[in-house]
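Here's a quick briefing to read alongside the model.

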There are 2 protein chains.
Amino acid sequence: MIESVVFNDAGLVPAIAQDEKTGQVLMVAWMNEEALRETIASGRAVYFSRSRQRLWRKGEESGHVQRVKELRLDCDGDVLLLSVEQVGGIACHTGRQHCFFRKLDEQGEWQDCEPVIKSPDDIYNKPKSGKE
Amino acid sequence: MIESVVFNDAGLVPAIAQDEKTGQVLMVAWMNEEALRETIASGRAVYFSRSRQRLWRKGEESGHVQRVKELRLDCDGDVLLLSVEQVGGIACHTGRQHCFFRKLDEQGEWQDCEPVIKSPDDIYNKPKSGKE
């Protein structure tokens, strides 16, 4: 399995998370070999955070876990596509359903076109509960 | 517009092409600033080929042009999402509808699960016609 995946010079491969029901592209993140192995073993999306330089178990802080329903690899072996169930209906750290909320308008400007479902303050600074 | 896009150290940004009607993720390629500007100006997907180190006007050989219906940018500004009409119904150089034709099975093996619609020989070695 892993030998078919082409990791880049940094040992990473981009992974697209797509909503299994709506087909919405939710987000793109990166995986190293360890993240990919854990994703497959656990059935939950695990990425490698380039900013934090460590495994990022999606939802570990927010609770917005992604349950992986299907995993695909592209023709060149250098992009992964995950079909996921997005727990909580929020994939983006901005509190939106997905990360692609800026749309280019006819004037050549990016326009925000998706609502914030939940404030990031409420997502990330909420009191710790038994679930976290 | 362009100043909101975060290009990597190689001056590139990944671009996902998604079928405007079905939501199928067709392929992922890369754009440099010139490719992005030409994509917007022409309404056709133009990528930067890393292997050939030059602009790649999708469909220039195959005829499988992508007409861009919408262009989106993600929260971090480092991934583009194109909603496209895929001319010819084939996005992949293998002659398949899309590039994500390998699915991980329960034994941990990648299984080809999409038909080849047209042989690559027929796509790329066809006699030159007036259309090319």
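**Aromatic pairs**

A:Trp56 is partly exposed, with a relative accessible area of 22%. Its ring partner is A:Tyr47, and the two make a tilted aromatic pair, 5.3 Å from centre to centre with 45° between the planes. Keep in mind that this is a predicted model.

- B:Tyr47 is buried with 0% relative accessible area, and B:Trp56 is partly exposed with 21%.
- The whole structure has 2 aromatic pairs over all chains.

**Charges over rings**

- In chain A, A:Arg96 lies over the face of A:Phe101, 3.7 Å from the ring centre.
- In chain B, the charged end of B:Arg96 sits over the ring of B:Phe101, at 3.8 Å from its centre.

**How the two chains relate**

- Chain B superposes on chain A with a rotation of 180° and 0.0 Å of shift along the axis, at an RMSD of 0.0 Å.
- The two copies are thus related as by a two-fold rotation axis.
- Which C-alpha of chain B is nearest the axis? That of B:Gly23, 2.7 Å from it.
- Of the interface residues of chain B, 100% are also interface residues in chain A, so the copies meet through the same surface.

**The nonpolar core**

- The largest nonpolar core holds 74 residues, and the members touching the most others are A:Ile16, A:Leu80, B:Ile16 and B:Leu80.
- Apart from neighbours within four places in sequence, B:Ile16 has contacts in chain A with A:Ile16, A:Val25, A:Val28 and A:Phe100.
- Within chain B, the contacts of B:Ile16 include B:Val25, B:Met27, B:Val28, B:Val79, B:Leu80, B:Leu81 and B:Leu82.
- As background, nonpolar side chains tend to be buried together in soluble globular proteins.

**Salt bridges**

- There are 26 salt bridges over all chains.
- B:Arg37 pairs with B:Glu33, with the closest N and O atoms 3.0 Å apart. Both sit in helix H1 (residues 33–42) of chain B, and because they are 4 residues apart, about one helical turn separates them.
- B:Arg37 is partly exposed at 43% relative accessible area, and B:Glu33 is partly exposed at 35%.
- B:Arg67 and B:Glu85 meet through their side chains in another salt bridge, 3.0 Å from N to O. B:Arg67 lies in strand S5 (residues 66–73) and B:Glu85 in strand S6 (residues 80–86) of chain B, so the pair ties together parts 18 residues apart in sequence.
- Buried or exposed, or in between, for this pair? B:Arg67 is partly exposed with a relative accessible area of 39%, and B:Glu85 is partly exposed with 27%.
- B:Glu70 forms a salt bridge with B:Arg72, the closest N and O atoms being 2.6 Å apart. B:Glu70 is partly exposed at 26% relative accessible area, whereas B:Arg72 is buried at 11%.
- In chain A, salt bridges with shared partners join A:Arg52, A:Arg54, A:Glu60 and A:Glu61 into one network.

Notes. Residues are numbered from 1 along each chain as its sequence is written. Chains are lettered from A and ligands numbered from 1 in the order in which they are written. This is a predicted model: local features need pLDDT of at least 70, side-chain atom pairs count only at pLDDT 80 or more; totals for chains, interfaces and linings use all residues. Side-chain values use heavy atoms; hydrogens and water are left out. A nonpolar core is a set of buried Ala, Val, Leu, Ile, Met, Phe, Trp, Tyr and Cys residues joined through side-chain atoms within 4.5 Å. Buried means under 20% relative accessible area, exposed over 50%, partly exposed in between (1.4 Å probe, protein chains only). Contact means heavy atoms within 4.5 Å. A salt bridge is a side-chain nitrogen of Lys or Arg within 4 Å of a carboxyl oxygen of Asp or Glu. Helices (H or I, at least four residues) and strands (E, at least two) are DSSP runs, numbered from the N terminus. Copies are superposed by least squares on the C-alpha atoms of residues with pLDDT of at least 70 in both. Rings of Phe, Tyr and Trp (its six-membered ring) pair if their centres lie within 6.5 Å; planes under 30 degrees apart count as stacked, over 60 as edge-to-face and the rest as tilted. A charge sits over a ring if NZ of Lys or CZ of Arg is within 6 Å of the ring centre and within 35 degrees of the ring normal.
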